[in-house]
Amino acid sequence: MTFAKHFVRGLALGAMGLGLSTAASAQNATNWHVLSNGLDALYLGIGGGSGQVPGADGIGSWIDGNDLKGNHITGFGQFGYRQVSFFTSECVLGAPPAIALNFPAIVFIEFDGRNQNRQDIFTRPNCVLGIPSGTTTGGALPYGLSPGASANFLLTGLPSGVGLPSSTAILIPNNGLTTSTGSATIIAAASANLAIASTGFCWNVEFTWLPSALVSFDRVDGWWHWQTNSVNNNQYWAMSNDELNSYSSNTVGLAGGQTALQAFFASFEYEWHSTSFDPVTNTTLNPAGANGAGPYYAPTGTTPTFNPNGGWDAGRHGGVSLSGLGGTLNPITGQGTQNPAGSPLGGIPTYGYMVWDNDPFTPGLRTIWHQVDWGGVLGVNPDLVAPAQDALVGPPGTRLPVSISAVYNPGPGWPQAVSLGQFTLMFHTAVAQPDTDPLGFAAGSFGILGKWAATNQLPIGGLSPVCAIGLPVAIEGGSIGVKSDLSDFEFDPSLRRMGTGTSVTVID
């Protein structure tokens, strides 16, 4: 197959820092977009070792378009997500044929043309006959298919002009590509070989885009991040095995020289992170990871006023379980991924937000504007209602992190009652914290300040089951400034910048 569109967006890739390095670069306004719950394990045959062919197999990870909602106008003349850098995690073990971190291919692909709110391959959680789908499958759920397609994933070569050898082949999701309704755009591609002192260590590598940021178009279906295995067959991909996803994993790999697909339990993800220029809104859940060892499971810094569990999980969340029982099972515990009974910490189900805001000026009061995401509930293609969705506020080029859902809202008007009733519950002010960054390093180790705040962590376990109505409920939210006297929202970007937006699905 061929790419419907292909070009690289004029950026160079620079390795800014290694996880074992003690030097810190100049601190800046970069903010963490947390995509996993931290490194837990290495597995033979994921990145290196048995079954892996060096320089051929690899690993890919999906970022849902609902997590790529940027609320500032970019150089493309439209709203878009701006990725400043990303972090990869890997371990170089065993006797080396060479002592280096090796990345034969690093590729970012933007998928568009389908429906962001009704994903083809990485499907969103669903309800079947009033029951969350996947609750009895043992943690492994099939990936979806676009209509008329016969394959979830495709092997493809890369077009000329992207800076990688023409023989490079990678795995990509078949998001409407074989039916000619979807497009795959290579927005960045590079390779890297970074010398290290010795093997036997695990590394976190930050790659930074030069001269500015990797920018996404608005309302895309998602991004696909691909990395090819080291040519030395001694570089193992770091995995998180206690994610709180309530549906399928966003990580997929290759084995056997690109002859076998590696699919993972919903509770497994490749351990990597993105950073953005804008304040980033991350959803948080009760700290129910099987290992009880997430980076924010026991924070020592400023904690929210109400936090019954003492901490939270800030990893990727494919959905939210109100009871803690729903979703796929974690094979380590045999419990639902968000069931506190499967965690050493216990606790109760909660829901909240954690916001990074590393702007250089004095931090100020913010809140979360969140509401029912009716586009997500009903599967409405956001492209169909795009002009009316955006609330333009403050200076030109800024919008709210949520849509004006009255366009297709079956309920009473907008703003929604849940938004009006919970603005004060979601107050937060990002300040420098003593806790580590999401990788477990001291704040500032990569030049990224540790200025964050968590909202109140609201108990949700006693609420009525969502699937009883036959549909899951999607919740969208984002961080927005508030004037210090509480008289209004603060839209002045020199005082409070608008945050990114996100959406999660609530199933049971």
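We'll look at the disulfides, then at the space inside. This is a predicted model, where local features need pLDDT of at least 70 and side-chain atom pairs count only at pLDDT 80 or more, while totals for chains, interfaces and linings use all residues. Residues are numbered from 1 along each chain as its sequence is written, and side-chain values use heavy atoms, with hydrogens and water left out.

**Stop 1: Cys91 and Cys202.** The structure has 2 disulfides, a disulfide being a pair of cysteine sulfur atoms within 2.5 Å. Select Cys91 and Cys202, joined S to S at 1.9 Å. Cys91 sits in strand β5 and Cys202 in strand β12, so the bond ties together parts 111 residues apart in sequence. Strands here are DSSP runs (E, at least two residues), numbered from the N terminus. Cys91 is buried at 0% relative accessibility, while Cys202 is partly exposed at 36%; buried means under 20% relative accessible area, exposed over 50%, partly exposed in between (1.4 Å probe, protein chains only).

**Stop 2: Cys127 and Cys467.** These sulfur atoms are 2.0 Å apart. The S-S torsion is about -75°, so this disulfide is left-handed. Both Cys127 and Cys467 are buried.

**Stop 3: the largest cavity.** Now select Asp64, Asp67, Arg316, His317 and Gly318, the closest to its centre of the 30 lining residues. A cavity is a set of points on a 1 Å grid over the protein atoms alone where a 1.4 Å probe fits but cannot get out; lining residues have an atom within 4 Å of a point. Finish on β29 (501–506), which gives the most to this lining, with 5 residues.

Notes:
On a 1 Å grid over the protein atoms alone, a cavity is a set of points where a 1.4 Å probe fits but cannot get out, and a pocket is an open set with protein on both sides within 12 Å along at least five of seven lines; lining residues have an atom within 4 Å of a point. Helices (H or I, at least four residues) and strands (E, at least two) are DSSP runs, numbered from the N terminus.
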